[in-house]
Amino acid sequence: MDKFTSLFIILTLQGINSFQLKKDIGGRVIGGDPAKSGQFPFSAAIYVQTGSATFFCGGALINNEWILTAAHCVEGATLFTIRLGSNSLVTNDPNRKTVATSHYVIHPDYNPSTLEHNIGLIRLRLPIELTNYIQPIELTNQDIPDYAHLTTIGWGQTSDSDPELSNDLQYVSVISISNAECRNAYGYQISDDMVCMAGNYNEGICIGDSGAPLIEHIYFPQSVKHAGIASFVSGNGCESTDPSGYTRTYPYLDWIANVRIVGGQVARGGQFPYVTAIYITTSLGTYFCGGALISNQWILTAGQCVDGAVLFRIQIRSNNLEGTDSNRLTLATSNCVLHPDYNPETLENDVGLIKLRLAIEFNEYVRAINLPSAFIPDYTAVTAIGWGQTDDFNTGLSNELMWVSVTTISNDECQLTYGAQITHKMLCVAGHFNEGICNGDMGGALIQTIGGIAVHVGIASFRRVRIIGGNPAVAGEFPFSAAIYTTTQNGLYFCGGALISNQWVLTAGQCVDGAIKFTIYLGSNNLQQNEPSRLIVAAEEFALHPEYYPQTLENDIGLIHLRMPITFTADSGTPTNLNKVSLTALSNTKCQETFGYQITENMVCVEGNYNQGTCK
């Protein structure tokens, strides 16, 4: 065992047996007191599940979707079950909300051996509804000075002799000490991003308090702010007089703000001077893609981004899609070349070129990217960029250009997910967790940096988007099915629906919210091939449920009114793209174990034998 691990104990309580708790305690984090109801409305109790263990951590709600905690509380996690709004872990509390998620972001420089950069974020699947007992904490705007009075909280052990969690949230006042003084106890493992706290005697955190916030008190005006994250205690025990260790919040404010491509970071001005934002107009509507300048007159993008296009509006020299930017240049063209062997069903040869009407001048904000001279090896670090969705909950584009580091994987490995459709001309990448491209990123460049030079090695083409575990539908099996292309101010989106009369289509509220126009395919199972049975209609009129709430998806129901009644026909279609799968309905109580109390009585959850179900 190295010197560091013999001195520090990480504060997670692992191998919890049914989360046994200490229900009757005298009131000690170590040396602490029970918190009053609503005293710390940002506190989060986090049950962390990994592939091999279950353990407990604390955290802090910093807005209605994100929880700030320690990196070692999220590393390797497969599921988080999070309790908010209550000081008690076991006692029934009507203010408690239980939610679940598996989405986390770990600091890219986190070192589990030294606990440097021990900070992570957990994203809730749906925004939580704030109450008097559930409120976010503001992040500090200053570093912690030496010998400042702060408060630490947690449900961890209240003594070295009792390994159980406390049922009640505890708090205690502690004092920051200088890093020089802390090094007297821990040596030079104490880095600038850490801060140590001591009590009058042995007060402080213990095992099970990992990730919990260190709280700064502001008196004018009166408020509290998040100043640190519980990280470690001494190997001599929690009740020793050795100081306890935290990660400072202040040095990570920019990282926290920029954690949002999925799992990516905001690009700096001029960081990717070859990037282009492309608005494509087709006969069906307008949608968005990315691209890359490969010369002063040509843009490389995906074949799906030029197929059927009649006009391109292209923005260069700016990382922002909207807002004032004196460097931004907007161009228009209709000249494009689609690969002659492009297959829209398999996405083979998904490559296209757009030609600008006039050559542009290069400067520090705009220049061409180099093309590769060889195939890229498996397991090579690359960068993906784009303005697409940053998560599954927000369907709009990001205003800021995002980038994320990913790794190429072998085609054999990729075929385990996508099957034999993966050809030698395709390239798959994966992130540390779920980082990668999303809707709106298609056509964007995949970049390898070789000797400080950016090289274009791939074009964003696809992600997993289909019914999971399904089978192709038989011709005419679902004659009521409707394929809906929804045009909004942000672009073109796809949804499904069902014909419930000769003039009304039933769909989700999120599929009509903000819509300008609908283009609807009826009578066919296939989205691409021309079929005589297909009927294409357009509509603008829709009804959205008056109590639809996009944050929680309550009352997620809408209706589309066709301009004219359609004439019903014999069942028709081809067994190509529409899929079906058998599922089983769950009780809402069972579903709430995964999604929490956002599941209301007007919702229903289903599951398959394995992972069958719907997808985006």
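Predicted model: local features only at pLDDT ≥ 70, side-chain atom pairs only at ≥ 80, totals over all residues.

**Entry 1**

I started at Y147, which counts as partly exposed because its relative accessibility is 48%. My cut-offs for this: buried means under 20% relative accessible area, exposed means over 50%, and partly exposed lies in between, with a 1.4 Å probe and protein chains only. Residues are numbered from 1 along each chain as its sequence is written, and side-chain values use heavy atoms, with hydrogens and water left out.

Y147 is not a glycine, yet I found its phi to be positive, at about 65 degrees. I placed Y147 in the loop between β12 (138–139) and β13 (149–154). For the element names, helices (H or I, at least four residues) and strands (E, at least two) are DSSP runs, numbered from the N terminus.

I then turned to L115, a residue other than glycine that has a positive phi near 65 degrees. L115 sits in the loop between β10 (103–106) and β11 (120–123). Is L115 buried or exposed? I have L115 down as buried, since its relative accessible area is 1%.

**Entry 2: disulfides**

How many disulfides does the structure hold? I noted five, taking a disulfide as a pair of cysteine sulfur atoms within 2.5 Å. As a reminder to myself, a disulfide is a covalent bond between the sulfur atoms of two cysteines.

The link of C182 and C196 is left-handed, with -60 degrees about the S-S bond. I found both C182 and C196 buried.

The link of C414 and C428 is left-handed, at -55 degrees about the S-S bond. Both C414 and C428 are buried.

Why did I log the disulfide of C495 and C511 as left-handed? I did so because the torsion about its S-S bond is about -85 degrees. C495 is buried, with a relative accessible area of 15%, and C511 counts as buried at 8% relative accessibility.

**Entry 3: strands and sheets**

Strands of a sheet pair through backbone hydrogen bonds, either parallel or antiparallel. I counted two strands as paired if DSSP finds at least two bridges between them.

I looked up an open sheet of seven strands, with antiparallel pairing and the order β25-β24-β21-β22-β23-β27-β26. β25 (329–333) and β26 (335–338) stand at its edges with a single partner strand each, so one side of each has no neighbour in the sheet. From one strand to the next, the twist averages 30 degrees; axes are lines fitted to C-alpha atoms, for helices over the stretch in contact, and angles run from 0 to 180 degrees between N-to-C directions. Inside this order, β22 (residues 286–293) and β23 (residues 298–301) run antiparallel and are joined by two bridges. A292 stands opposite L300 in β23.

Elsewhere I followed β31 (residues 445–450), which two bridges join to the antiparallel strand β28 (residues 381–386). T383 stands opposite I447 in β31. Six bridges join β31 to β32 (residues 453–459), and these two run antiparallel. Which residue is the bridge partner of L446 in β32? I wrote down G458. The hairpin of β31 and β32 has two residues between the strands, and G451 takes a positive phi near 60 degrees there.
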